[in-house]
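Please read the briefing below alongside the sequence and the coordinates. It is arranged by topic.

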Amino acid sequence: MSQQYPALLVIVPLLSALVISAAGWINKRLCFPIAVAALGVAAYSSIGLLLRVLDEGAIVYRLGGWDPPMGIAYYVDHLNGLVLTVVSVVAFLNLIASKKSIELELGDKTAPFYALYVLQVTGLLGIVATGDAFNLYVLLEITALSGYAMLAMGKDRAQLSTLNYLYMGTIGACFYLLGVGYLYIVTGSLNMVDIANLLPPLYESKAVLGAFIICLVGVWVKMAFFPLHAWLPNAYTHGPSAASSLIAPLVTKVMIYVMIRLILTVFTPEFAFNILAISKPIVWLAVVAIFMGAILALSERNLKKMLTYIIVAEVGYMVGGAWLGNRAGMTGAILHIVNDALMTLCAFLVVSNIAYKLKGYAFDDLKGLVRKMPFTMGAFVVAALSIIGVPPTCGFFSKWYLISGAIQAGQYAFMVALLFSSLVNVVLFFRVIEICYYEPFADDGGHGHGPPSEPMAEAPLTMLVPLFIVAAGLVLVGIYTGDIVNKIIEFAIPQGIV
Amino acid sequence: MGDLIQMVVAKYNYWIYITLMMIGLYAMIAKNNLVKKIVGMNIFQTAIILFYVSTGAKRGATIPILEHGHGGHGAGAHMVHAADYINPLPHVLMLTAIVVSVATLGVALALAIRVYNRYDTLEEDEILAQIREK
């Protein structure tokens with residue numbers, strides 16, 4: 001059984017997506033348990049897989065028994081074992097937390113939504129597990145298409161902003177496909193490990209250089225790296241809460257993983273950092289991304305949209321960290337994939353709780369919210385502290401690695417950008433917290449003397465419990481950072497990077 | 001100049017795909033009508049499909065089907081020269097890419113219909129004007 005984990009990860013959710021859409025015709029109430037079961041199996045397999053990788057080292061799984069490079073192999077090592085676990089656990093928790101909000105916001109469209117949800121997770125897990133460059137493209141499009149469909153179920157401008165996302169997402173995926181095409185022309189192979197073995201004599205070739213740059217740009221579009229970020233804020237803001245809180249923590253992070261995989265496995269760090277000599281400009285781009293993300297977030301008066309701009313800044317953290325070209329920077333980037341997935345999930349679950357109880361999540365709607373939803377706002381404070389980077393929450397530790405990597409590499413601008421963004425995050429989150437804690441409730445009409453009359457109206461328990469688990473996870477991951485780094489990430493980074 | 005012409009002529013398949021890609025990209029950026037943008041997107045995707053398919057082609061090669069493939073032991077066996085056959089792998093990959101591009105086109109057009117139902121127009125500037133008015 002445990003031999004089959006890599007296949008179960010992808011095939012169980014894929015088949016259950018079909019079963020869910022069929023079950024939706026019979027009885028809508030069947031869909032949720034099937035989805036939970038499917039993602040439960042996926043989470044169980046990915047945790048099992050991570051434990052096996054910790055024991056035995058990298059695992060190669062041949063789909064259908066065909067040997068690579070002819071067949072498609074799933075290749076799981078420390079790096080993607082960790083990312084697989086994060087993706088499947090985040091997706092599972094979010095599914096449980098979102099049940100009520102899906103029923104409220106989507107009404108009779110729950111069955112297709114669950115099918116798309118599971119399909120999206122299939123795609124994400126497949127992207128992370130696969131060892132085949134073209135297979136990655138197909139799974140990328142599965143993720144993207146199910147994401148478009150889910151986000152377009154939102155209200156207001158959702159369809160229009162999803163259409164913009166679709167244009168950009170298609171361009172990104174096509175660029176990636178084009179880059180893979182060039183790699184195929186020069187090496188004749190699509191298997192990542194095989195390509196890596198064939199490439200070194202060809203590093204001087206213009207086609208390899210072109211392939212790398214084109215793949216990189218494609219992945220950047222997909223991860224919303226500034227200035228290619230324009231699609232992200234509107235698409236994520238107007239989508240249904242459950243879709244945003246799945247897509248916002250995972251899709252950009254998985255794309256960062258793809259970039260790191262390209263640097264570390266398909267091309268070697270030697271090629272990416274030394275032969276190309278483009279790491280400095282890319283770190284500068286990341287600096288700009290962090291500054292712009294922070295400033296754009298400052299100008300927002302809407303909680304959810306503010307969070308989407310913070311994602312843009314966080315993408316800058318990870319791209320910059322990965323391109324610092326040293327061990328600390330890469331560790332910080334990989335650790336931040338884990339942390340940022342959890343932080344973003346926590347923040348977006350709070351937004352989805354607020355959306356469940358209130359009309360909207362603009363700042364004006366949030367006045368005095370803490371008296372109405374004290375538990376939700378408690379979790380929000382934990383998420384805020386983590387995004388700002390206060391110990392012992394996990395956000396502090398990845399930022400620590402990123403900053404020490406920046407100092408080692410002599411990239412002081414990146415360090416300044418990280419500190420600046422932390423300061424801006426302080427302003428951003430304390431502004432929200434101030435509105436929620438100290439402003440009188442909106443209905444008081446300005447003469448809110450005396451004790452607040454608003455009774456507590458907290459979100460249901462099925463939404464609160466997963467939220468608390470995630471908030472506790474933020475602290476726990478922070479406390480066990482040492483273990484994660486020494487036992488997992490240390491082995492994920494090749495020895496060549498010092 | 002002569003070198004340039006030779007380069008263009010010798011690798012014309014690449015130039016065609018790049019031209020098509022740029023036409024698609026131009027339509028996506030410059031056109032105001034949502035359906036025209038979607039058409040541009042499809043041209044963009046098709047250009048890459050063309051690129052892949054053209055890389056599999058070889059001069060003087062035939063379709064990759066072995067004529068006496070069965071019972072190929074004993075006297076009937078003969079050597080297979082890869083140069084005699086078109087490389088089938090890029091073509092197979094593109095079957096998948098075509099499916100993906102059709103699916104993307106379908107989703108995009110469905111979204112365009114929803115946008116039209118909501119705003120009664122497909123012109124992007126008119127839609128944005130309507131949003132700004134609110």
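This is a predicted model: local features need pLDDT of at least 70, side-chain atom pairs count only at pLDDT 80 or more; totals for chains, interfaces and linings use all residues.

Residues are numbered from 1 along each chain as its sequence is written, while chains are lettered from A and ligands numbered from 1 in the order in which they are written.

**Confidence**

**Contact between chains A and B**

- Chain A contributes 21 residues to the contact and chain B contributes 25 residues.
- On the chain A side, the elements giving two or more residues are α5 (133–151) and α6 (158–187); helices are DSSP runs (H or I, at least four residues), numbered from the N terminus.
- The most comes from α6(A), with 13 residues.
- By type, this side of chain A divides into 15 nonpolar, 4 polar and 2 charged residues. Here Ala, Val, Leu, Ile, Met, Phe, Trp, Tyr, Cys and Pro count as nonpolar, Asp, Glu, Lys and Arg as charged, and the others, Gly among them, as polar.

**Nonpolar core**

- The largest nonpolar core has 231 residues, and those with the most contacts inside it are V87(A), V118(A), C346(A) and A383(A).
- Such a core is a set of buried Ala, Val, Leu, Ile, Met, Phe, Trp, Tyr and Cys residues joined through C-beta atoms within 7 Å. Buried means 20 or more other C-beta atoms within 10 Å of the residue's own, exposed means 12 or fewer, and partly exposed lies in between.
- Helix α14 (residues 327–357) of chain A supplies the largest share of this core, 19 residues.
- Leaving out residues up to four places away in sequence, C346(A) touches A379(A), V382(A), A383(A), L467(A), V470(A), A471(A) and L474(A).

**Helices**

- Helix α3 (residues 78–106) of chain A has a kink of about 55° centred on S98(A); the bend is the angle between axes fitted to the seven residues ending at a position and the seven starting there.
- Of the 29 residues of α3(A), 24 are buried, so the helix is largely enclosed by the rest of the structure.
- Helix α10 (residues 241–266) of chain A kinks by about 35° at I247(A), shortly before the proline P249(A).
- The 26 residues of α10(A) should span 38 Å, and its end C-alpha atoms are 36 Å apart, which agrees; the expected span is 1.5 Å times one less than the number of residues.
- Because 25 of its 26 residues are buried, α10(A) is largely enclosed by the rest of the structure.

**Backbone exceptions**

- Most residues other than glycine have a negative phi, and most peptide bonds are trans.
- F226(A) and P227(A) are joined by a cis peptide bond with omega about 5°, and P227(A) sits in the loop between α8 (206–223) and α9 (232–238) of chain A.
- A224(A), in the loop between α8 and α9 of chain A, has a positive phi of about 65° although it is not a glycine. A224(A) counts as buried, with 28 C-beta neighbours inside 10 Å.
- A cis peptide bond with omega about 5° also joins P391(A) and P392(A).
- D120(B) has a positive phi near 60° and is exposed, with 10 other C-beta atoms within 10 Å.

Key:
Two residues are in contact if their C-beta atoms, placed from the backbone, lie within 7 Å.
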